[in-house]
Amino acid sequence: MSATFEVDIEGVGVWSPELPNWDAARTALCGIVRAAADPAARPAPTLLPPTERRRAPEAVLLAIEVAQQACAMAGREPGELAHVFASAYGDLAVNDYLCATLARAPLEVSPTRFHNSVHNAPAGYWAIATGCMRSSTAISAGAATFGAGLLEAALFAHSESAPVLLAAYDVAAVGPLQDAIACRSRFAAALVLAPRSARAHARLRLRTHASAAELAPSATLLQASHCDNPAARSLPLLAALARRESGVLQVAAGSSAGLEVEISF
Amino acid sequence: MLPAEWADWESRNHRLAWLGLNQDGFRERALAAIARYGASRIALILGTSTSSMGETERAYRELEADGHFDAAQSRRHAHAPHMLTEFVQAALGTRGPSMTISTACSSSAKVFASAERLLRAGLADAAIVGGVDTLCGSVAYGFNSLELVSRERCRPFDVDRSGLSLGEAAGFALLERVDADKAAPRLVGYGESADAHHMSAPHPQGLGAELALTDALARAGLAPSGVDYVNLHGTASRHNDEVEAALIARTFPATTLASSTKGWTGHTLGAAGIVEAVIALLAIERGLVPGTLNTQTLDPACGPQIQIDNREREVRVALSNSFGFGGNNCCLAFAAGVGA
């Protein structure tokens, strides 16, 4: 058995076409049915200047939107937070563009789209938009990406005694890549985590163990509609937060390692 | 070649990973650590920039007439960043926390920081860290489109430098707590930061790089004068070398030696962190400070620290700088073990 440690949740952010913010997600996760709003086409995070917002790839918009929401709820200055951006696949649209262009006319590769293809592009745009010079990390761990990101971010908060932003996002595969990558939905979620905090909405007690099996609480329609999206593995934790249900969740944090998350209020 | 049992993983990146695992007895040492601590107590954190994206590019070049992937490419083993780590995990059999860090050219430096936190908190007893990157079309044509690639062999910090040379590499390190072997060289500090400036150009005053360096020194409890050698990021791009040369000149005394080894290795991108961490460790082990290959006349921005020629001297403390796109910085600090 491994050591345990604790962090507090200060802020939450969510974006999907149906649930463009935490308030909408919380309502849905509590089982309250509201008149269906038109799905949002793209998030429009106000932290980005309007021209950037128009030009930015969807993966960047999703990540920055939820990060901004979580910082606002936490009442934290975004530029003051070390951050961990977690995505299983990264920007699948830019990968499709690069691979298609390389196959057709490699000398036409756009320099901007090339530097946007790095996995840490959303983290880089976030740091630039917020003036953040603290530790900036971008990770990937396949289906276990959310849990690995949660472990990395929570452990940073614990061991550095500093608040941390975690943003998990994945976008839909496009083009021929759909033959190898099952993700067809868009989902992003963010948490601001801090060691013992006066502004805590919930406390997490974490430990690692040797099983990647995930025990979801009750499956929701929401989970079913996002089951192909690795960032939506955050939904059981978000559901517990929305319902203020204390309990223990199992989250995969590697292909054969798990994170036991005890949540209390 | 990959062994037949790993045929599904076929890609240039996984082949290089396998080659790297089998160098210098590393795989045997890793397996011995797994046997000693138990597979679930070994974390695996690897860095890569493009992972096996070369296979995805190939699949696009060889699409079927209906626009779909060839049946052999419709596999999960090669088309996502984490596949490198999954392959190494399958090859070694670790069962602890695992993840891929992909922050461009700082990726396999940052793996040391994340691993240190897992070990410090008692969430693992050992960590296998490292990085692998191989050439693929997006990297070759992408750096070309940014006009960052030299037509000659790269000449870091040369007044007439004309850009970087791309390279490829695999490297791994086994980290354990200091008590496991007090004579082994140790990670004594690290610093991580962001530039908050530009996606593909460094901060003009090197403020992000300076924050990472200062943090690494603070964690190590070192003054700049306590550093014997700094392995520089030194890509031979106009901007990086100018900013990094100024940072070294204003931070360190003349007794600290510094060099870029990219004239030997090329810029190995997501593997540069581990490659240059290994070079820093070799400098400590061998008492040899490598020079800056291909460089003839140093840029006037360079202080007395930057060396063109190899120098023999005792190295007790060595740093390694790694900076990446997105303005992502990491500095590692290593020191000789006790009695070493």
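**Figure 1. α4(A) in the lining of the largest cavity.** With four residues, α4(A) gives the most to this lining. The model is predicted, so-called local features need pLDDT of at least 70, side-chain atom pairs count only at pLDDT 80 or more, and totals for chains, interfaces and linings use all residues. Residues are numbered from 1 along each chain as its sequence is written, chains are lettered from A and ligands numbered from 1 in the order in which they are written, and side-chain values use heavy atoms, leaving out hydrogens and water. The largest cavity (grid points, 1 Å apart, where a 1.4 Å probe fits but cannot get out) holds about 400 Å³ of space, a volume being the space filled by probe spheres set on points joined across faces, edges and corners. Its lining (residues with an atom within 4 Å of a point) has 37 residues, and A:N95, A:S117, B:S49, B:T50 and B:M53 are the closest to the centre. Helices (H or I, at least four residues) and strands (E, at least two) are DSSP runs, numbered from the N terminus. The lining has 23 nonpolar, 13 polar and one charged residues. Ala, Val, Leu, Ile, Met, Phe, Trp, Tyr, Cys and Pro count as nonpolar, Asp, Glu, Lys and Arg as charged, and the others, Gly among them, as polar.

**Figure 2. The second largest cavity, lined by residues of chains A and B.** About 90 Å³ of space lies in this cavity, and the count of cavities of 30 Å³ or more comes to four. On the chain A side, the lining consists of A:A148, A:L151, A:E152, A:L155 and A:A253. Two or more residues come from each of α7 (145–160) of chain A and β2 (98–101) and α5 of chain B. The most come from α7(A), which gives four. By class, eight residues of the lining are nonpolar, two are polar and one is charged.

**Figure 3. The largest pocket and its lining.** A pocket is an open set of points with protein on both sides within 12 Å along at least five of seven lines. The largest pocket contains about 1,600 Å³ of space. Its lining has 49 residues, and B:A173, B:L174, B:L175, B:P185 and B:L281 lie nearest the centre. In chain B, the helices α2 (26–37), α5 (107–120) and α10 (272–286) each give two or more residues to the lining, as do the strands β4 (169–176) and β5 (186–194). Of the lining residues, 29 are nonpolar, seven are polar and 13 are charged.

**Figure 4. Packing of α5(B) against α10(B).** The axes of α5(B) and α10(B) lie 5 Å apart, at an angle of about 70 degrees. Axes are lines fitted to C-alpha atoms, for helices over the stretch in contact, and angles run from 0 to 180 degrees between N-to-C directions. The angle makes α5(B) roughly perpendicular to α10(B). Angles under 35 degrees count as roughly parallel, over 145 as roughly antiparallel, 65 to 115 as roughly perpendicular and the rest as oblique. Contact (heavy atoms within 4.5 Å) is made by B:S108, B:A109 and B:F112 of α5(B) with B:A272, B:G273, B:I274 and B:A277 of α10(B). Five of these residues are nonpolar, two are polar and none is charged.

**Figure 5. Packing of α3(A) against α6(A).** Helices α3 (residues 58–74) and α6 (residues 121–130) of chain A pack at about 50 degrees, with axes 9 Å apart. The two helices are therefore oblique to each other. From α3(A), the contact takes in A:A59, A:V60, A:A63, A:I64, A:A67, A:Q68 and A:C71, and from α6(A), A:P122, A:Y125 and A:W126. Nine of the contact residues are nonpolar, one is polar and none is charged.
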